[in-house]
Amino acid sequence: MSARIGVVTFPGSLDDVDAARAIRIAGGTAVALWHGDTDLHGVDAVVLPGGFSYGDYLRCGAIAKFAPVMSLVIDKAQVGLPVLGICNGFQILCESRLLPGALTRNDHQHFICRDQRLRIESTDTPWTMDFALGQEIVIPLKNGEGGYVASEVVLDELFAENRVIATYQGENPNGSYRNVAGISNKAGNVVGLMPHPEHAVELLTGPTIDGVPFFTSVLKSLIGAP
Amino acid sequence: MIDSVNIARESPDTEQPWADLGLKQDEYESIKEILGRRPTSSELAMYSVMWSEHCSYKSSKVHLRQFGDKAPKTDALLVGIGENAGVVDIGDGWAVTFKVESHNHPSYVEPYQGAATGIGGIVRDIISMGARPLAVMDPLRFGAADAPDTRRVLPGVVAGIGGYGNCLGLPNIGGELVFDESYAGNPLVNALCVGSMKHEDIHLASAKGVDNLVVLYGARTGGDGIGGVSVLASETFDANGPAKRPSVQVGDPFMEKLLIEATLEVLHAGLVEGIQDLGGAGISCATSELASNGEGGMQVYLDRVLLRDASLSPEEILMSESQERMCAVVTPEKIDAFMQLCKKWEVEAVVIGEVTDTGRLVIDWYGDTIVDVPPRSVAHDGPVYERPFHRPSWQDALQADTPTGERLPRPSTPDALKHTLLDLISSPNLASKSWVTSQYDRYVLGNTILAQPEDAGMIRVDEESGLGVAISTDCNSRFAKLDPYAGAQLALVESYRNISVAGAKPLAVTNCLNFGSPEDPEVMWQFAQATTGLADACLELGIPVTGGNVSFYNQTGENAISPTPVVGVLGVINNVEHRTPMAWAGDGDLIYILGDTADEFAGSEWAHLQGHLGGLPPKVDLPAEKLLSEIMVAASHEGMITAAHDVSDGGVGVAVTEMALRANIGARFWIPENIDPFVFLFSESTARAIAVIPGTEELRFSEMCAARGMRATRFGVVDSGLGVNSGHPGEQVIVCDSQFTLTIDQLREVNEATLPALFGGEKCSAQVSESYWDQ
């Protein structure tokens with residue numbers, strides 16, 4: 001049986017079907033998790049998809065962190081459950097304090113949707129182990145509040161501890177400090193990424209299929225897990 | 001005190017503000033005749049919104065009938081004109097529904113909310129048919145690009161469409177962006193939505209089954225949008241009039257997203273007998289239409305409506321256009337299950353009444369009956385006008401002013417031709433639209449096959465079989481001004497061609513007819529001509545009009561907009577893997593032009609740039625369009641073609657440049673024999689497309705064209721290695737033999753600079769930076 005990866009749907013989640021499709025294409029089993037769920041249905045990993053949870057009328061992700069399912073995700077993440085937060089999911093992980101820093105309004109004030117070039121900066125996480133270090137990929141980016149900010153101390157620490165997992169190449173699309181596109185927690189199991197790998201899993205619909213290794217990575221890591 | 005039916009009976013002579021509500025004297029008199037008494041203030045409110053131009057189509061109805069009368073015989077149409085949106089069979093048990101609507105006036109008053117709620121409204125039309133929305137598109141038209149008012153309106157409109165559509169999770173896959181002085185003070189903001197469903201999931205707006213319950217669910221009813229319909233959409237703007245901002249509705253895309261999911265779940269669970277969205281005219285429209293289409297009667301308790309503002313009067317509640325609301329008819333046995341699903345999605349719902357067989361729509365307010373009317377008289381039997389029309393006095397002079405070489409000097413030297421191309425591709429109408437489209441999410445849902453700047457937007461409907469649909473909207477209003485009959489047909493054939501070059505077979509038509517005041521006989525003539533032209537051409541092409549929308553009163557004072565019949569065509573493709581993109585890919589592939597090029601510059605982009613508008617628009621050739629469509633679809637299906645692009649605005653020169661920019665690969669081409677280079681490069685003759693054919697398929701392709709009688713002329717070859725010999729080593733270059741050479745970087749720079757320079761912001765390039773393409 002293939003590994004079971006949960007995809008959480010909050011009211012206002014939008015890319016949940018895309019995340020489930022990407023998991024299937026990578027060979028996993030996608031399990032739908034509801035924001036009100038009080039158990040994780042035995043999933044081996046969790047994806048928090050993109051969207052506008054609860055409308056994002058407060059700070060993005062600020063309400064989602066209080067969802068019943070999130071208290072379970074937060075507890076399990078602290079003991080090693082692989083969690084990937086994409087876009088709004090990244091914002092939720094920061095609001096939940098599983099990841100440091102915050103995502104702020106794009107410096108140019110517009111929502112932006114474009115095909116974005118990234119460099120993979122760490123292959124030491126369960127979500128990036130299938131990439132080559134320094135590999136350049138192109139996946140869609142689409143956000144209104146995607147500028148990653150953190151204090152200089154935190155940024156220094158993230159780079160020193162090899163926790164920046166991807167950086168923007170070329171023009172910085174949203175004003176992220178030091179071109180940070182994605183980071184991990186200290187243990188590496190929790191990863192937040194602003195661009196959307198789940199939109200780059202089929203050549204018919206995406207600019208590339210460079211998003212697939214994020215999902216094959218976690219499947220591979222789970223096979224190796226005890 | 002509340003004006004009840006009893007009070008109305010006892011006080012026949014009470015003065016009523018019918019004129020302020022937009023009713024004419026004879027309309028007020030006929031309401032009194034229908035009711036046999038004066039209307040209550042609530043009834044007056046209902047009739048005034050439902051009989052407004054926007055809701056009743058009273059000026060357009062007699063002309064719109066042609067779309068039904070002249071409809072071609074087709075098995076594809078499952079639900080026709082008259083419902084919220086038409087439904088078309090696309091095979092394998094799938095159906096699609098699509099519709100385009102205007103939100104012009106609200107978007108002028110309050111650009112962000114006006115445009116945002118335009119998306120919200122059209123999406124609710126689609127879900128109320130039982131369909132899951134798949135994508136949206138926005139045809140937009142503004143005054144001159146550098147006009148101060150365009151800078152006020154455009155950024156807000158684009159942000160509103162993005163803000164609402166992105167949050168709703170629907171990909172925006174195309175549309176139009178046109179600048180023309182005729183839209184100064186009257187921007188056109190149209191919104192299109194397409195959705196899909198299985199045949200058995202089609203739902204209609206009717207209140208069937210006596211004693212069934214009427215449920216209002218979604219957002220609470222507030223004071224926003226009151227009078228939006230009757231005041232905003234049915235009167236011209238008057239600079240000295242009162243501020244109209246409060247009349248524009250405010251959108252909540254998060255609530256709409258919940259409403260979509262809740263609605264689809266209750267529909268699929270079989271819990272709904274009839275359903276209607278609340279748009280223009282709010283509760284007045286939903287209750288009267290549901291009742292009129294069903295058993296004919298309904299009892300409503302208006303005091304049960306959940307309010308955002310407790311101080312609202314019953315008249316205001318009836319007229320409110322608060323967004324994100326739906327109305328469903330549910331059997332008493334299923335009401336608990338219905339309420340349970342609403343609760344799951346955190347959507348508020350309340351039973352506001354029940355279906356009756358009394359033939360009356362009766363509305364009570366805390367025990368007093370405030371409305372008692374025959375619902376058909378409100379919803380369907382409104383006034384119908386045969387407005388007078390006549391050909392404008394200036395039409396002949398306009399048509400006589402042909403842009404010949406003597407009238408408008410034409411470029412003739414190679415250098416002048418090169419600069420003409422650069423001027424065109426950097427002009428606001430032909431420049432890259434990525435400043436706009438990069439503010440829209442085109443990826444969400446993961447089924448977008450083609451999106452702007454491709455000729456058509458294409459969406460995969462069935463992930464197993466690859467079945468998909470393509471959509472395009474088009475209209476050159478300059479053509480329509482020169483000749484509205486031909487102009488409407490030219491809008492149709494361009495859209496039809498755009499679908500075909502993408503590899504999809506055209507199936508059905510929708511439209512959004514944007515015109516000036518119907519009370520002006522010259523505008524009414526334009527409208528009559530355009531509807532006749534469109535109906536005639538649809539009949540000949542064999543594709544039915546499934547629905548549409550009319551927007552009148554697009555004028556400021558005496559100045560009406562150019563007639564703008566926006567036409568949307570929907571096509572089907574059996575497997576989206578066969579789609580034809582506009583970017584060529586393979587070195588050595590051959591570039592063909594299909595169709596004939598004549599000297600046709602009236603209404604063209606080139607003439608527009610010279611500030612000229614006159615003459616007769618390009619000739620319409622429907623049999624040639626049909627043949628071209630069949631050839632493009634066959635070539636895609638048979639794998640003979642690697643890329644294609646419609647030839648329209650800016651002609652062959654612009655089309656080839658757009659293909660090269662999209663591919664970031666150069667090409668060499670030449671001017672075919674016996675044609676003037678300027679005419680070949682920039683004429684806007686119709687029924688033409690560029691097809692890119694691999695060498696291995698050339699024989700098969702040219703034999704197919706010859707056998708079908710389609711002229712196919714080879715005039716170029718894709719070549720990524722032209723830089724070395726043309727003095728631009730390492731660069732991609734397009735070479736027009738013995739005329740000019742341009743690098744793609746030069747072309748891209750001017751093509752992408754225009755909109756950011758006008759509207760600000762540097763970081764919205766949709767293209768990946770150069771180094772990616774070099775990999």
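Analyst: Let's start with Thr9(A), which sits in strand S1 of chain A, a strand covering residues 4-9. Keep in mind that this is a predicted model. Is Thr9(A) buried or exposed? Count the other C-beta atoms within 10 Å and you get 23. A residue counts as buried when that number is 20 or more, so Thr9(A) is buried.

Who are its neighbours? Skip the residues within four places in sequence, and Thr9(A) is in contact with Asp16(A), Ala32(A), Leu33(A), Trp34(A) and His35(A). For a sense of distance, take Gly211(A): it is 202 residues away from Thr9(A) along the chain, and their C-alpha atoms are separated by 20 Å.

Now let's move to another strand of chain A. Strand S9(A) takes in residues 164-168 and is mostly covered, with four of its five residues buried. S9(A) pairs with strand S6 (residues 112-120) of chain A in the antiparallel sense, over three bridges. It also pairs with strand S10 (residues 180-184) of chain A, again antiparallel and over three bridges. As a bit of background, strands of a sheet pair through backbone hydrogen bonds, either parallel or antiparallel.

Time to hop over to chain B. Here, 29 residues of chain B are in contact with 29 residues of chain A. Helix H8 (148-168), helix H10 and strand S14 (448-450) of chain B each supply at least two residues of the side that touches chain A. That side of chain B divides into 13 nonpolar, ten polar and six charged residues.

H10(B) deserves a stop of its own. This helix has 16 residues, 253-268, and reaches 22 Å from its first C-alpha to its last, close to the 22 Å expected at 1.5 Å a residue. In general, an α-helix has 3.6 residues a turn, so residues three or four places apart point the same way. H10(B) is mostly covered, since 13 of its 16 residues are buried. After the helix comes Gly270(B), whose phi is positive, near 70°.

Chain B also has an open sheet to trace. Its seven strands run in the order S8-S10-S7-S11-S9-S12-S13, and the pairing is mixed. S8(B) (274-277) and S13(B) (368-373) stand at the edges with a single partner strand each, so one side of each has no neighbour in the sheet. From one strand to the next, the twist averages 20°. Inside that order, S7(B) (residues 213-218) and S11(B) (residues 349-356) pair in the antiparallel sense over five bridges. If you want one pair to look at, Val214(B) has Gly353(B) in S11(B) as its bridge partner.

Last stop: Ala635(B), found in helix H22 (residues 622-637) of chain B. Leaving out residues up to four places away in sequence, Ala635(B) touches Met640(B), Ile641(B), Ala691(B) and Phe701(B). Leu78(B) is 557 residues from Ala635(B) in sequence, and the two are 29 Å apart in space, C-alpha to C-alpha.

How values were computed: Residues numbered from 1 in each chain as written. Chains lettered and ligands numbered in written order. Predicted model: local features only at pLDDT ≥ 70, side-chain atom pairs only at ≥ 80, totals over all residues. Expected span 1.5 Å × (residues − 1). Buried ≥ 20, exposed ≤ 12 C-beta atoms within 10 Å, placed from the backbone. Contact = placed C-beta atoms within 7 Å. Nonpolar A, V, L, I, M, F, W, Y, C, P; charged D, E, K, R; others polar. Pairing = 2+ DSSP bridges. Axes fitted to C-alpha atoms, helices over the stretch in contact; angles between N-to-C directions.
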